[in-house]
Amino acid sequence: MKKRAVFFRALLVSGFAVGMAGADETAQLVIEGETLVTKAAAPAHLQDNLDEIYSGWVFRSNETQALQLDDFDNPAFVFIDAAMDQYQQVEGSADKSCQSCHEDVEEFKGLRTQMPRIVDGKVQTMEDQINKCRTEQMGAEAWKYTGSDMTAMSALIGFQSRGMAMNIKIDGEAKPFWEKGKEIYYTRHGQLDMACSNCHEDNYGNNIRADHLSQGQLNGFPTYRLKNAKLNAVHSRLFGCIRDVRAEPYKVGSDELKALELYVSSRANGLSVETPSVRN
Ligand code: HEC
Ligand code: HEC
């Protein structure tokens with residue numbers, strides 16, 4: 001226990017007070033004249049632990065923040081444009097494209113705010129829904145869960161909800177999955193013996209190595225990362241954070257990561273969808 005605390009302190013580069021010091025609290029995310037909600041009161045289920053929730057955008061440098069202010073500067077749109085071509089592409093034994101059945105991609109407005117959701121008694125992520133249509137409706141091959149085609153399509157659909165508030169359902173059928181995700185969130189993992197909460201709840205606003213820690217929110221996903229110059233899927237990020245504490249990560253597309261995604265997404269309830277966001 002003691003050893004863990006010392007090790008963790010060594011990881012953190014202090015110099016910032018707890019909380020938001022170091023980030024530009026006054027910065028506003030305005031895209032195409034629309035102001036997105038990057039700070040909000042914590043949803044009721046979180047209020048014992050956090051008063052406010054913040055988008056990861058708030059914690060980025062001025063330069064990184066700026067890339068998200070204008071869709072012409074946002075490198076993610078190259079991938080969104082490619083996904084739009086893909087959307088019209090006929091594929092599979094049914095000789096259909098997405099567009100054959102879903103005429104206008106705008107019909108998906110609002111969907112991203114509710115994903116993941118429960119369908120047929122299981123967590124359904126955006127990726128699951130897309131592959132369901134590919135295999136069952138098109139007679140085409142499933143895409144790789146975090147592959148580039150999949151992530152771009154997920155971003156195209158998510159983008160239709162940009163500016164709308166995240167609104168993940170956590171009760172009813174969702175409850176047991178949400179509880180499981182919550183348990184994973186607060187369980188210490190790996191050689192570093194750390195939980196998600198140790199970084200993203202106890203230490204957001206602090207620096208870890210060269211990085212300014214955010215609350216680890218998912219409202220901007222898929223997100224363009226400067227680090228690898230491509231769109232990154234939710235499960236790639238969750239996998240990466242677990243690997244970084246030197247734990248054996250759950251597989252992408254696994255039930256565990258889907259439950260974790262459901263829980264973490266619900267921590268952003270009230271923040272605007274930012275898809276496609278830009279992060280470092
Ligand atoms: C042959 C018709 C057909 C094709 C082709 C098709 N879909 Fe669907 N799609 C459906 C039907 C029917 C549903 C609702 C039932 C379900 O989920 O399977 C649906 C549901 C969806 C939803 C969820 C909508 C909501 O509001 O809940 C998304 C997102 C979606 N499709 C995306 C796609 C994408 C992306 C493609 C191309 C890769 C595609 N679909 C191809 C018929 C189709
Ligand atoms: C050792 C500290 C640490 C732990 C533990 C950790 N992360 Fe992270 N995480 C980071 C860092 C550093 C980043 C990149 C900077 C930032 O956004 O905080 C990050 C980023 C993220 C992001 C992307 C945020 C955005 O706005 O793009 C999500 C989501 C996330 N983490 C979720 C998790 C989850 C879920 C867990 C537990 C399985 C976890 N993290 C555990 C350090 C950690």
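Predicted model: local features only at pLDDT ≥ 70, side-chain atom pairs only at ≥ 80, totals over all residues.
**Helix H3**

Select residues 77-87, which form helix H3, and pick out Phe 79, Ile 80 and Ala 83, its buried residues. Looking down the axis of H3, you will find these buried residues within an arc of 100°, so they line one face of the helix. As background, an α-helix has 3.6 residues a turn, so residues three or four places apart point the same way. Now turn to the other side of H3, where Asp 81 and Asp 85 are exposed.

**Ligand 1**

Keep H6 displayed and select ligand 1. Its shell holds 16 residues, and the closest are Lys 96, Cys 98, Cys 101, Cys 133 and Gln 137. Helix H4 (98-101), helix H5 (126-138) and H6 are the elements that each supply two or more residues to this shell. H5 makes the largest contribution, seven residues. Coloured by class, the shell around ligand 1 shows nine nonpolar, four polar and three charged residues.

**Asn 131**

Stay on helix H5 and select Asn 131, which belongs to it. Is Asn 131 buried or exposed? Asn 131 is buried, because 20 other C-beta atoms lie within 10 Å and 20 is the number at which a residue counts as buried. Leaving aside residues up to four places away in sequence, Asn 131 touches Ala 142 and Trp 143. For a distance to display, take the C-alpha atoms of Asn 131 and Glu 141: they are 8.1 Å apart, with the two residues 10 apart in sequence.

**Ligand 2**

Move to ligand 2, which has 25 residues around it; Gly 56, Cys 196, Cys 199, Gly 216 and Cys 241 come nearest. Two or more residues of this shell come from each of helix H8 (196-200), helix H9 (234-244) and helix H10 (255-266). With five residues, H9 gives the most. The shell around ligand 2 divides into 13 nonpolar, eight polar and four charged residues.

**The three-stranded sheet**

Return to S11 and show the open sheet it belongs to, whose order is S11-S10-S12 and whose pairing is mixed. S11 and strand S12 (277-279) are the edge strands, each pairing on one side only. From one strand to the next, the twist averages 40°. Strand S10 (residues 223-225) pairs with S12 in the parallel sense over three bridges. Select Thr 223 to find Ser 277 of S12 standing opposite.

**Backbone details**

Most residues other than glycine have a negative phi, and most peptide bonds are trans. The next selections depart from that.

- Phe 221 to Pro 222: the peptide bond is cis, with omega near -10°. Pro 222 lies in the loop between strand S9 (211-212) and S10.
- Thr 275 to Pro 276: this peptide bond is also cis, with omega about 0°. Pro 276 sits in the loop between H10 and S12.
- Glu 32: phi is positive, about 50°, although the residue is not a glycine. Look for Glu 32 in the loop between strand S2 (30-31) and strand S3 (34-35); it counts as exposed, with 9 C-beta neighbours inside 10 Å.
- Asp 120: phi is near 50°, again positive in a residue other than glycine. Asp 120 is in the loop between strand S6 (117-119) and strand S7 (122-124), and with 6 C-beta neighbours inside 10 Å it counts as exposed.

Key: Residues numbered from 1 in each chain as written. Chains lettered and ligands numbered in written order. Buried ≥ 20, exposed ≤ 12 C-beta atoms within 10 Å, placed from the backbone. Helix = DSSP H or I, 4+ residues; strand = E, 2+ residues; numbered from the N terminus. Arc of directions from axis to C-beta. Near = placed C-beta within 6 Å. Nonpolar A, V, L, I, M, F, W, Y, C, P; charged D, E, K, R; others polar. Pairing = 2+ DSSP bridges. Axes fitted to C-alpha atoms, helices over the stretch in contact; angles between N-to-C directions. Contact = placed C-beta atoms within 7 Å.
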